[in-house]
Amino acid sequence: MEASVILPILKKKLAFLSGGKDRRSGLILTIPLCLEQTSMDELSVTLDYLLSIPSEKCKARGFTVIVDGRKSQWNVVKTVVLMLQNVVPAEVSLVCVVKPDEFWDKKVTHFCFWKEKDRLGFEVILVSANKLTRYIEPCQLTEDFGGTLTYDHMDWLNKRLVFEKFTKESTSLLDELALINNGSDKGTQQERERSIDLNFLPSVDPETVLQTGHELLSELQQRRFNGSDGGVSWSPMDDELLAQPQVMKLLDSLREQYTRYQEVCRQRSKRTQLEEIQQKVMQVVNWLEGPGSEQLRTQWGIGDSIRASQALQQKHEEIESQHSEWFAVYVELNQQIAALLNAGDEEDLVELKALQQQLSDVCYRQASQLEFRQNLLQAALEFHSVAQDLSQQLDGLLGMLCVDVAPADGASIQQTLKLLEEKLKSVDLGLQGLREKGQSLLDQISNQASWAYGKDVTIENKENVDHIQGVMEDMQLRKQRCEDMVDVRRLKMLQMVQLFKCEEDAAQAVEWLSELLDALLKTHIRLGDDAQETKVLLEKHRKFVDVAQSTYDYGRQLLQATVVLCQSLRCTSRSSGDTLPRLNRVWKQFTVTSEERVHRLETAVAFHSSAEKILQECPEQPEAFNEMEQFDEIEAVGKSLLDRLTVPVVYPDGSEQYFGSPSDMASAAEHIREKMKLVSLKKQQLRQPEATTPES
């Protein structure tokens, strides 16, 4: 019987065990009767519950029952006493009926109990409250009977409820834990997994029950050692009532079973965790080898343009995003497996390492495939980018070649030709880069079969390879066509450069010839002081004329080359049309001037030679001068030379030009006149002897 079942009856305090003892160490059972009618059934239930509490050893010492009839009637007291015969006849040694101040009929009561003594089996005495200490020590009596024993019925009842609850829960918990622990001790793993006890959980929290037990034991120990001195209620749940040892025994059993249960839970948790890890590992492996690999199998193309490659890259990023979620699960699982491996359970090490190895192999293989695919798409994007740039360069070069060349001068042609060469060089570099990118991409594609999971990727790879090779061949053909056109354009532009160069050089030849003519007129004016010097000037002049002749011939050759180049280029020269007349006109002027210069120098040579010959002859040889005609001839040549110095050079177009300045001509003429004077003086000297000879 549990107190919780009859709690309303126990709260009425129809009877109680205060913890007090008689002189025989028997427990004192108190039945406080009240004015209200006492239910004998409830009292019987209360007595049955109270008498079930003490041990058999305590019961063997007997009970002293105090029936407090001070607030009740004799008939009720008598009924209670008689009821004790039925409830605890062998355990009651003495019944003390506390009578009220208004005495009952002494004769009746005494006679009644005396007559029933043998039949009752215990002694019944009628005593007043103040004389109760004759039979029981005051320290064993409650305050209601003048004693010092403190008793709080509700406190006892609450503690009793706690004790019974703990006893019930701990006993039930021990059975459950024993069932669980015994189920986990079965031999094989298969039997443990089949056992229903393995998945059975305790109905109550062991920690809570243990805490309750420790608190209860602490309370019982305080009651025992402190007692009434500490002001704590003295309850029947002491060492003699087996409360404390029972609690200690239950706690010890609970701790033992709970420790085993914790180990079982740990093993179960480890097994559950291992199964969950294994399940998650298989989920990751199945997804990566299933849908994940299938996604990569379907993505084999590289695109045929930048936009197509970028679209494939975007699709691949979506695939990588899906894989990233599973890779995150892989990282978490790897950490969990590492933690379990660090725990060092030998029986699970092999299985954990196998799971870890399987998971790592699949994840690393899939990650490598993703990286390979990403690198392949990046290489394809770079290849198409280079191809597009090269195509634009070829278009620009072709556009430049399709435009007719109309340069203003040779410098602009040179600049255009330089730009053309730079573009062609850029195209060469672009094509070289395209070949490198294409070869690198082909090498990667050739390695694609290594992660194809047995799938035949020959057809797909052939399409990619054909596309790459087709792009490179197309670019090569376009580049070759542009090179051919560049060769033609280069030849044409070089001819145009040569044309402009010839025209410029021809114009330069005209300038040079004009400068020679100008130098001839302005600086070639001296006629020499003697015949020797004049001959030297004449020789220099002939060389000067040879230079002018070479310049003229060079200009003529350049103009002839210009005509040939114009015919080859099918264009009309813009400068050679007036250059040739200018060249011929300057050359004719130079020729006329040169001839005039030669004539003057030759005249000067004849004059100086004749004059010097006459002047150098000795006067003792007069026979040499018999003919005076020589003097006349010299004078005639000198006068002719002086006259020629005053005459300008007349060109075919009617224009005139003088040698040097008037002062220069005057200086040259003065020198000739002086020499003519010397000749005239010589002539006179020769005439004087002729005049004196007849007189003598």
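**A tour of selected salt bridges**

Begin by selecting Lys159 and Asp155, which both belong to helix α7 (residues 153–184) and stand 4 residues apart, about one turn of the helix. Helices here are DSSP runs of H or I of at least four residues, and strands are runs of E of at least two, numbered from the N terminus. The two side chains meet in a salt bridge, with N to O at 3.2 Å; the term denotes a side-chain nitrogen of Lys or Arg within 4 Å of a carboxyl oxygen of Asp or Glu.

The model is predicted, so local features need pLDDT of at least 70 and side-chain atom pairs count only at pLDDT 80 or more, whereas totals for chains, interfaces and linings use all residues. Residues are numbered from 1 along each chain as its sequence is written, and side-chain values use heavy atoms, without hydrogens and water.

Next, select Lys479 and Glu483 in helix α14 (residues 458–522), where 4 residues, about one helical turn, separate them. Their closest N and O atoms are 2.2 Å apart, forming a salt bridge. Lys479 is buried at 11% relative accessible area, and Glu483 is buried at 17%. Buried means under 20% relative accessible area, exposed over 50%, and partly exposed in between (1.4 Å probe, protein chains only).

Finally, select Lys12 and Glu42, a salt bridge whose closest N and O atoms lie 2.9 Å apart. Lys12 sits in the loop between α1 (7–11) and β1 (16–21) and Glu42 in helix α2 (residues 40–51), so the pair ties together parts 30 residues apart in sequence. Lys12 is partly exposed at 46% relative accessibility, as is Glu42 at 22%. The structure holds 26 salt bridges.
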